[in-house]
Amino acid sequence: MLGTELGPGEATALIDRETESRSAAVVDLGSNTARLVVYRYVPGTWFRLEDSIREPIRLAEGLAAEGRLRPAAVKRALGALKMFADFGAASDVESLEVFATSGLRDAANGGEVASEIRRLGLDVAVLSGEQEAELGVLASASAANAVITVGDVIANDLFGTTLAAHSQTMLWD
């Protein structure tokens, strides 16, 4: 609408739509990095990336050799997740969803770590290898600025080959 004049009541309608907006956050708990992204949206109309935080955690450090997540790596991951939860609470984020990938999925103690994450008050979904691969393809397409949806999932390329995804119903209902 650059250079377009707004008619009577149109500016107020735009402001009203902004005040209807909500905020939702998604965490990608990857093998090396945890990333929080916050979206502002109005259900059924628009969404935009509002904020993001990236924290190197090296969760899978030693996993290949030992088959388990090391205590220091778990501590880094939990610290990052606690920071993300605190950020979400301070920012009035309405929902925060955590998705974990192969680092947590492949570890013998992954279930124990997921329980520790839940003790922080966060629910964590551990993606299957197939889900992670499918979302990786969607993320690659998304990097071309395409709006990517499959079923009720929106994919957003976060960093490298990992991504966060969340239910469209959160944004569009």
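Strand 1 (residues 22-29) and strand 2 (residues 33-42) run antiparallel, and eight bridges join them. Strands here are DSSP runs of E with at least two residues, helices are runs of H or I with at least four, and both are numbered from the N terminus. This is a predicted model, where local features need pLDDT of at least 70 and side-chain atom pairs count only at 80 or more, while totals for chains, interfaces and linings use all residues. Residues are numbered from 1 along each chain as its sequence is written, and side-chain values use heavy atoms, with hydrogens and water left out.

- Five strands make an open sheet in the order 3-2-1-4-5, with mixed pairing (two strands pair if DSSP finds at least two bridges between them).
- At the edges sit strand 3 (46-56) and strand 5 (124-126), each pairing on one side only.
- Asp-28 stands opposite Arg-35 in strand 2.

**A closer look at Arg-40**
- You'll find Arg-40 in strand 2.
- Arg-40 has a relative accessible area of 17%, so it counts as buried (under 20%; exposed is over 50%, partly exposed in between, with a 1.4 Å probe and protein chains only).
- Its side chain makes a polar contact of 3.2 Å with the side chain of Glu-50 (a pair of N or O atoms within 3.5 Å; within protein, one must be able to donate a hydrogen and the other to accept it, and residues adjacent in sequence count only if both atoms are side-chain atoms).

**The whole protein**
- In total, the protein has seven helices and eight strands.
- Of its 173 residues, 41% count as buried.
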